[in-house]
Amino acid sequence: MAVPEIIPIMYEPDYHTGAIGQWEGGQFFGSAIAAFREGYTHTDDWPAHKRWYAVLHTFDAAGHHLSTRVEHVGADDDHRAAADTALERLNRWLDALTGLRYGDIAIRPFQHIFDGVLFGLVIETFEGEEHAEFYPNNIGFYEPWDGAFDT
C-alpha cells in the first residue's frame, strides 16, 4: 500500500501525540522535544549538545502545513530546567489557540529546518517499505495508515 497523501495521526494523551488536535484555524501538532543538530558526532559532553525545543506546527483543515513555531529553550546539561521551560512555552502557545480541542489529526508531509534540526513529517524508505517519519520526535507511521505509530 502506498503512503497516503494525508497521514492520520492518533491522539494519545500523555504520550508522544498528547498535544495534537484541532483549533479554529485548522489542526495542530505540538511538542517539547530534545534533539541534536544535524551532523552532531557523539562527544563526552553530549548533554550540552542535546538541545531542547518548544514546537508548534499548525495545519489547515485539509492537512496543509501553515506554520511552525520553534524556540530553543536550553540543553540537556540542565535537563529539568530545559524540559520544563519547553513544556511551559508549548502550553502557553496552545492556550492561545482559539477553540482548541485535543484529538486525532490528519496532515500532509512537510519540512521545516530550525537551528540545524529537521522538524516535519517526511516520507522515507526503510527495509524496502515506505513510511512517514515525524522529526525530530522519531515517530513512524506505517500501513494500515490508521494513525497508530512506532517510536
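Colleague: How do the residues lining the second largest pocket divide by class?

Modeller: Bearing in mind that this is a predicted model, the lining of the second largest pocket divides into seven nonpolar, three polar and two charged residues.

Colleague: Which residues line that second largest pocket, and what is its volume?

Modeller: The lining consists of A34, A35, F36, R37, E38, G39, G116, V117, L118, Y135, P136 and N138, and the volume comes to about 180 Å³. At least two lining residues come from each of β3 and β9 (117-126).

Colleague: And how much space lies in the largest pocket?

Modeller: The largest pocket holds about 270 Å³ of space, and it is lined by 15 residues, with Y15, H16, G30, S31 and A32 nearest its centre. Two or more of the lining residues are given by β3 (26-35) and by α2 (79-95), and by class the lining has nine nonpolar, six polar and no charged residues.

Colleague: Switching to the inside, which residues have the most contacts within the largest nonpolar core?

Modeller: That core has 16 residues, and those with the most contacts inside it are I7, I9, F29, I107, L121, F134 and F141. The elements giving two or more residues to this core are β1 (7-9), β7 (105-107), β10 (129-135) and β11 (139-141).

Colleague: What does I107 touch?

Modeller: Leaving aside residues up to four places away in sequence, I107 touches E5, I6, I7, I9, Q27, F59, G63, L121 and F134. There is also a second, separate core of eight residues, which includes A54, L56, W93 and L94.

Key: Residues are numbered from 1 along each chain as its sequence is written. This is a predicted model: local features need pLDDT of at least 70, side-chain atom pairs count only at pLDDT 80 or more; totals for chains, interfaces and linings use all residues. Side-chain values use heavy atoms; hydrogens and water are left out. A nonpolar core is a set of buried Ala, Val, Leu, Ile, Met, Phe, Trp, Tyr and Cys residues joined through side-chain atoms within 4.5 Å. Buried means under 20% relative accessible area, exposed over 50%, partly exposed in between (1.4 Å probe, protein chains only). Helices (H or I, at least four residues) and strands (E, at least two) are DSSP runs, numbered from the N terminus. Contact means heavy atoms within 4.5 Å. On a 1 Å grid over the protein atoms alone, a cavity is a set of points where a 1.4 Å probe fits but cannot get out, and a pocket is an open set with protein on both sides within 12 Å along at least five of seven lines; lining residues have an atom within 4 Å of a point. Grid points are joined across faces, edges and corners, and a volume is the space filled by probe spheres set on the points. Ala, Val, Leu, Ile, Met, Phe, Trp, Tyr, Cys and Pro count as nonpolar, Asp, Glu, Lys and Arg as charged, and the others, Gly among them, as polar.
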